[in-house]
Amino acid sequence: EAAAVAALVDRLGEDFARACELLLACEGRVVVTGMGKSGHVGNKIAATLASTGTPSFFLHPAEAIHGDIGMITARDAVIALSNSGETEELLTILPLLKRLDVPLIALTGNEASTLARYATVTLDVSVPEEACPLNLAPTASTTAALAMGDALAVAVLEARGFTEEDFARSHPGGSLGRRLLLHVEEVMRRGTELPEVGPDTPLSAGLLEMSRKGLGMTTIVDDRRRVLGIFTDGDLRRALDRQLDVHATPMREVMTVGGKVARPRMLAAEAVHMMEEHRITALPVVDDDGVLVGALNVHDLLRAGVM
């Protein structure tokens, strides 16, 4: 099977490029069809196309000849899989596809087959032998067809400029969807959970606020709750190195001014990147006026499945 896939590399020529162009030009949906093991592979190819920006579905050829051929419209394109190129159920629908004048991309191991003759473009997925010791069960041939289908999907994905965000929209329930679609405001802490003290608050009271809220930091805010600075564990170590009096020193003297902040509509993934880049574990969240509206740390992001 590995040899079958490796042999496909030299076949990615003009026909492959033409097949990609047909898929990109398709104004409807890409209909994938095939019988038996080829049908199982076709089902996967249709799913991959659909999740990477090319609307697609699988049509069983046996169902197609009993009415489901009506699912195909003149705006669609068809990918048909058959190692022999002579699968009876598939051949039955070929004249109907011809009448609709839809582009037909054939993935077959027989370029002299009926399927290949009907096809707009034929992609050679032939293999010298199956991995099956009897050379009977579709093994290497189905693997080759699957690899070629994936190659089509990936090439078209790149040509479309399909992004991670686009992919996540097709997978909102997966970890990638959570990572790319979740906003900071959906995971941040609010209200009484927020650590905040005034600039004249003694350092000792600031430390108590840090302990109570459990974020590893506290914000320093003015009377309008605009963030003036932030105080973290790192700032505490630096204050202790200076041998400051924790009861007499105000927070304004030990806070970090101009620290990193997040915005409510920022993607949670951006907050993760900011934390990793600057080696910090917590972020205050502010609105456009710099007013404190939330806070989050790495544990909040872990619980949300973003990290």
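The points below take up the salt bridges and then the cysteines.

1. Basis of the note. This is a predicted model, in which local features need pLDDT of at least 70 and side-chain atom pairs count only at pLDDT 80 or more, while totals for chains, interfaces and linings use all residues. Residues are numbered from 1 along each chain as its sequence is written, and side-chain values use heavy atoms, with hydrogens and water left out.

2. Salt bridges in total. The structure contains 15 salt bridges, a salt bridge being a side-chain nitrogen of Lys or Arg within 4 Å of a carboxyl oxygen of Asp or Glu.

3. Asp 124 and Arg 11. These two side chains form a salt bridge with an N to O distance of 3.6 Å. Asp 124 belongs to strand E5 (residues 121-124) and Arg 11 to the loop between helix H1 (2-6) and helix H2 (14-25), so the contact ties together parts that are 113 residues apart in sequence. Helices (H or I, at least four residues) and strands (E, at least two) are DSSP runs, numbered from the N terminus. Asp 124 counts as buried at 19% relative accessibility, whereas Arg 11, at 24%, counts as partly exposed. Here buried means under 20% relative accessible area, exposed over 50%, and partly exposed in between (1.4 Å probe, protein chains only).

4. Arg 252 and Asp 200. In this salt bridge the closest N and O atoms are 3.0 Å apart. The pair links distant parts of the chain, 52 residues apart: Arg 252 is in the loop between helix H11 (233-241) and helix H12 (268-278), and Asp 200 is in the loop between strand E6 (196-197) and helix H10 (203-213). Arg 252 is partly exposed at 44% relative accessibility; Asp 200 is exposed, with a relative accessible area of 56%.

5. Glu 209 and Lys 213. The closest N and O atoms of this salt bridge lie 2.8 Å apart. Both residues are in helix H10, and because they are four residues apart, about one helical turn separates them. Glu 209 is buried at 7% relative accessible area, and Lys 213 counts as buried at 17% relative accessibility.

6. A network. Salt bridges also link Arg 189, Asp 300 and Arg 303 in a network.

7. Cysteines. How many disulfides does the structure hold? The number is zero, a disulfide being a pair of cysteine sulfur atoms within 2.5 Å. For Cys 26, which is in no disulfide, the nearest cysteine sulfur is that of Cys 20, 13 Å away. Cys 26 counts as buried at 16% relative accessibility. Cys 132 is buried, with a relative accessible area of 15%.
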